[in-house]
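Please keep the structure in view while reading.

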Amino acid sequence: MVAPPFLVSAPGKTIIFGEHAAVYGKPAIAAALSLRTYMLVSNHDLPQDVISLEFPDVNLQYSWPLSTLPWSSVPSLSSPQSPPTELDDALVKALDAPLTGVTGFPQRSAALAFLYIYMCLMNDKRSALQGVTFSVRSTLPIGAGLGSSASVSVCISAAICLLSGAAPAPPLTAATATAAADAANLAAIDTIDGWAFLGERCIHGNPSGIDNAVATRGGAVMFQRMSKGSPNVLKSMRSFPSLRLLLIDSKQPRRTAVQVANVASLVEEYPLITEPIMNGIHSLTDEAYRLLLLPAAECDAAWAAKLRGLVRINHGLLVALGVSHPKLELIRAAADELKIGETKLTGAGGGGCAITLVQDGVTESTVSELRSRLSQYGFDVYETRLGGTGVGCLFPTKVDKAEWEEWEEKLFSLHHLLALEGREHIEETVGVEAVDAWAFW
Ligand SMILES: Nc1ncnc2c1ncn2[C@@H]1O[C@H](COP(=O)(O)OP(=O)(O)OP(=O)(O)O)[C@@H](O)[C@H]1O
Ligand SMILES: C[C@@](O)(CCO)CC(=O)[O-]
């Protein structure tokens, strides 16, 4: 068990191929982004029997006396290291009472994910850990297709796994890792991923698991959810080619849960029509996976053109599933007109982000032209790096003693974290790139 204060962090993701079909057992390919969520676990001026959430990105600030939580409804766990894959309906229902005062979907779903994981893992350790605040700051846009919910779920899971002892902290450096520590680390990754999946279930109902898989492991992954009883297919793509990618945020809000439910209705109404669409997405993802694994020497112009073609087909099939949006089509049309490359929506669609796989020879001035055309609609265009680090943690013990006071104020102070303004400030202060004491599982 680890005591507060400490920080955890997990990245967002972009799905390159296969969203929505992933929910129907088809493969999908996703990569971690450099945009991330940070969670501070701290003891700050709280009565001993209270836990508290400070999630200012979604305007949620809430506390619960531990004695008011429905502990008798917590299901018994066969092992905290191997979470179930289904939510326990009785616990979800029992959590209605402590959540009555939390209104609004973003607030309620995030609080449900937190309480569910907290109660399952802390059930027999309640007295050991009290008066703790969990605060979240994220540099990810929320509900934009970039896996904000998965990065929050992975942070909640990692923090509570550390607090409860369900997962050990990662080895301090690669040099100190032994074979046994490596095995424990791989098991910890699966445990954190498994509990984060239940958090995702609380937030968006029927997730495939790809978002939490990539937010936990970082890099790029090929993921396929298998039917009950069979383990999911998860392949880390270690030598992911460096693709020039634009990420364009339409700023059109939408909820993943709603988009996934809309596709489910279509699948139910038109099984004979939607099945070939899902199979088409399956085949194009298989082909993209084959292309993405080719040695660098074979990644020539023809290879890049094939990948772009698959991006175009994937978007077309997602349009057929009804998950595009006029703003996403506007982005695609502008990128097509400027011959920048091929564009598809990413994530759940219905708004949120699109990605453009840029073709060779496109100049900075053409990208600037796209930026200025889209800025009139309020859209943001980022040139992005894929395949960053996965879930990590930062402990005060890893900080140089001489610097401790300054670091305590800067890194482990709730008030300081809550006062940070804007993405850059968060990254500069606590970011995984700015502070080299971060350790990753
Ligand atoms: N910074 C945050 N603080 C607290 N809760 C958050 C935060 N970011 C996301 N969430 C939770 O995740 C929900 C958004 O999840 P949703 O699945 O709709 O979007 P997404 O994860 O950004 O997109 P996608 O699933 O398509 O990648 C919010 O309603 C909220 O419950
Ligand atoms: C739309 C979807 O395929 C991706 C959301 O990022 C849902 C999921 O796989 O959980």
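How far does a polar side-chain atom of Ser208 lie from an oxygen atom of ligand 2? The distance is 2.6 Å, a polar contact being a pair of N or O atoms within 3.5 Å. This is a predicted model, in which local features need pLDDT of at least 70, side-chain atom pairs count only at pLDDT 80 or more, and totals for chains, interfaces and linings use all residues. Residues are numbered from 1 along each chain, chains are lettered from A and ligands numbered from 1 in the order written, and side-chain values use heavy atoms, without hydrogens and water.

**Ligand 2**
- Of the 14 residues around ligand 2, those that come nearest include Lys13, His20 and Ser208; a residue is near if one of its heavy atoms lies within 4 Å.
- Lys13 places a polar side-chain atom 2.7 Å from an oxygen atom of ligand 2, and a backbone N or O atom of His20 lies 2.8 Å from an oxygen atom of the ligand.
- The protein covers 98% of the 300 Å² of accessible area that ligand 2 has on its own (Shrake-Rupley method, 1.4 Å probe).
- Domain 1 (6–236 + 388–440) and domain 2 (245–384) both give residues to the shell, so ligand 2 lies between them; the bounds come from an automatic or database domain assignment.

**The sheet**
- Four strands form an open sheet in the order E9-E10-E8-E11, with antiparallel pairing; strands are DSSP runs of at least two residues, numbered from the N terminus, and two of them pair if DSSP finds at least two bridges between them.
- Strands E9 (341–345) and E11 (380–384) stand at the edges with a single partner strand each, so one side of each has no neighbour in the sheet.

Note on methods: A polar contact is a pair of N or O atoms within 3.5 Å; within protein, one must be able to donate a hydrogen and the other to accept it, and residues adjacent in sequence count only if both atoms are side-chain atoms.
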